[in-house]
Amino acid sequence: MRIIPILLVPSLIGASACSNQAAYDAIKHNQCLEKTGKIHCEEIEDYQEYKKKRDELLKP
């Protein structure tokens, strides 16, 4: 019975990370479409780059 909570927490963390990246990508692609009329823009910052910059700014 204790295995279920142990497996549930990592899977929830993993799912939230994927949904954060998906949301970021969707927002950036929508902004690109509104700005340029293109579906794909080369200048969109990669989620990993964005996350790295955000983490650096949030360091104490």
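Residues are numbered from 1 along the chain as its sequence is written, and side-chain values use heavy atoms, with hydrogens and water left out. As the model is predicted, local features need pLDDT of at least 70 and side-chain atom pairs count only at pLDDT 80 or more, while totals for chains, interfaces and linings use all residues.

The chain holds two helices and zero strands; helices (H or I, at least four residues) and strands (E, at least two) are DSSP runs, numbered from the N terminus. Of its 60 residues, 7% count as buried, where buried means under 20% relative accessible area, exposed over 50%, and partly exposed in between (1.4 Å probe, protein chains only). The accessible surface of the chain amounts to about 5400 Å², and carbon and sulfur atoms contribute 63% of that area. These areas come from the Shrake-Rupley method with a 1.4 Å probe, and for residues only the protein chains shown count as cover.

Helix α2 covers residues 47-58. Its 12 residues should span 16 Å at 1.5 Å a residue, and the end C-alpha atoms are 16 Å apart, which agrees; the expected span is 1.5 Å times one less than the number of residues. At the start of this helix, a side-chain oxygen of Asp46 comes within 3.2 Å of the backbone nitrogen of Gln48. Such a polar contact is a pair of N or O atoms within 3.5 Å; within protein, one must be able to donate a hydrogen and the other to accept it, and residues adjacent in sequence count only if both atoms are side-chain atoms.

Next come the aromatic residues. Three aromatic pairs are present in the structure. The rings of Tyr47 and Tyr50 have centres 6.0 Å apart and planes at 45°, so this pair is tilted. By the rule used, rings of Phe, Tyr and Trp (its six-membered ring) pair if their centres lie within 6.5 Å; planes under 30 degrees apart count as stacked, over 60 as edge-to-face and the rest as tilted. Both tyrosines belong to helix α2, where they sit three residues apart, about one turn of the helix. In general, an α-helix has 3.6 residues a turn, so residues three or four places apart point the same way. Tyr47 is buried because its relative accessible area is 7%, whereas Tyr50, at 29%, is partly exposed. Together with Tyr24, Tyr47 and Tyr50 form one aromatic cluster.

Charged side chains provide a further set of contacts. The count comes to two salt bridges, each defined by a side-chain nitrogen of Lys or Arg within 4 Å of a carboxyl oxygen of Asp or Glu. In one of them, Lys53 meets Glu45, with the closest N and O atoms 2.9 Å apart; Glu45 is partly exposed, with a relative accessible area of 23%. A salt bridge also links the side chains of Arg54 and Asp55 (3.6 Å, N to O). Arg54 counts as partly exposed at 29% relative accessibility, and Asp55 counts as partly exposed at 35%.

Some residues that are separated in sequence can also be placed relative to one another. Lys51 lies in helix α2 and is partly exposed, at 32% relative accessible area. Its C-alpha atom is 9.3 Å from that of Gln21, although 30 residues separate Lys51 and Gln21 along the chain. Asp25, found in helix α1, is partly exposed with a relative accessible area of 28%.

Finally, the structure holds one disulfide, taken as a pair of cysteine sulfur atoms within 2.5 Å. The disulfide joins Cys32 to Cys41, with an S to S distance of 1.4 Å. With 70° about the S-S bond, the link of Cys32 and Cys41 is right-handed. Both cysteines are buried, and Cys41 has a relative accessible area of 5%. Cys41 lies in the loop between α1 (3-36) and α2. The C-alpha atoms of Cys41 and His29 are separated by 7.5 Å, the two residues being 12 residues apart along the chain.
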